[in-house]
Amino acid sequence: MTAPPHAPAHAPTRVLGGPQWRERAAAHRERVSRWTAPHRERRRRGEAHPVLDFLFTYYSLRPAQLERWDPGPGVALRDAAEFADRPGYVDGPGGVVLDPTTLPRLRTTAAFVAGLLTATASRPARLGCFGLHEWAMVYRTDAPRHDAVPLRLGSAGTDAVVESLPVSCTHYDAFRFFTDAARPRNALTPTRETQAALEQPGCLHATMDLYKWAYKLAPGCPSELLADCFELAADVRELDMRASPYDLAAHGYEPVRIEIPAGRAEYARLQAGFAERAAPLRSRLIALCETLTTR
């Protein structure tokens, strides 16, 4: 590997020998293969999955990229010729090390992510949306997004649920998929410009997006943190779709019936649990962003 014209901004705080970091890389690949291997097999068969495909289609990280291991900042790798062609890695005193100063895009992204996640964490979790964003995406339309999956209550029954409950989505990337008829029913009008002002930790999509922010910080994000965020996103996605208007029994998912009080109570309880799980991951990402912007 050719050394850069300047040394890494900080000396590594930890040095991993070849056997050590390769063991961690293998453990990471094995961990995420629980999702990547079935996804590849479904694609080989030409089979769509209304719940799990979202993790690899809406979120843009490819399975091979998810499986790739990065140590994060402050870690030097010995016997690491495999990293010679990876952007951001340079020769340091203890071995190959990530130098964030060689990746201006990474520093800019980290500053944005830190601001968004800090603002989100400053607010209390709102637990009264009951997953109605998915219902609003099919409200009064003949072309639902998952047209291969039936609606549990049919079109008329689905529309009646949206009309009987307050819609209060705070997440722009969910709101932008609302049907034209559903948008005026939302208590807010989220935009990209108001994203940092509106996102709050109870939102399932804000929680799933921790995975997006983790991979947007690549190669600066340790893969263990990336996998933690992905695993949480996968679990949240299941609730997101179980509480949706779709009938997913054929795929093995029992509905959370938010159209009745017991279902709404179940949703809020599970939503609170995910917000609790997300909080330390959000804090770790904020700390990582601070590291990436100060090195």
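**Figure 1. Lysine 212 places its charged end over the ring of tryptophan 213.** In this predicted model, the distance from that charged end to the centre of the tryptophan 213 ring is 4.6 Å.

**Figure 2. Arginine 237 and the ring of phenylalanine 54.** The charged end of arginine 237 sits over the phenylalanine 54 ring, 4.0 Å from the ring centre. Phenylalanine 54 also belongs to an aromatic cluster, together with Trp35, Phe56, Tyr58, Tyr59, Tyr211, Tyr215 and Phe230.

**Figure 3. Tryptophan 21 and phenylalanine 83 form an edge-to-face pair.** The count of aromatic pairs in the model comes to 13. In the pair shown here, the ring centres of tryptophan 21 and phenylalanine 83 are 5.3 Å apart and the planes stand at 80°, an angle over 60 degrees, so the arrangement is edge-to-face. Tryptophan 21 is part of helix 1 (residues 18-45), whereas phenylalanine 83 lies in the loop between strand 2 (75-77) and strand 3 (89-92); the pair therefore ties together parts that are 62 residues apart in sequence. Tryptophan 21 counts as buried, at 5% relative accessibility, and phenylalanine 83 is buried with a relative accessible area of 1%.

**Figure 4. Phenylalanine 56 and phenylalanine 230 form a tilted pair.** The centres of these two rings, phenylalanine 56 and phenylalanine 230, lie 5.8 Å apart with their planes at 45°, so the pair is tilted. Because phenylalanine 56 lies in helix 2 (residues 54-57) and phenylalanine 230 in helix 10 (residues 223-242), the pair ties together parts that are 174 residues apart in sequence. Both phenylalanine 56 and phenylalanine 230 are buried.

Conventions:
Residues are numbered from 1 along each chain as its sequence is written. This is a predicted model: local features need pLDDT of at least 70, side-chain atom pairs count only at pLDDT 80 or more; totals for chains, interfaces and linings use all residues. Side-chain values use heavy atoms; hydrogens and water are left out. Rings of Phe, Tyr and Trp (its six-membered ring) pair if their centres lie within 6.5 Å; planes under 30 degrees apart count as stacked, over 60 as edge-to-face and the rest as tilted. Helices (H or I, at least four residues) and strands (E, at least two) are DSSP runs, numbered from the N terminus. Buried means under 20% relative accessible area, exposed over 50%, partly exposed in between (1.4 Å probe, protein chains only). A charge sits over a ring if NZ of Lys or CZ of Arg is within 6 Å of the ring centre and within 35 degrees of the ring normal.
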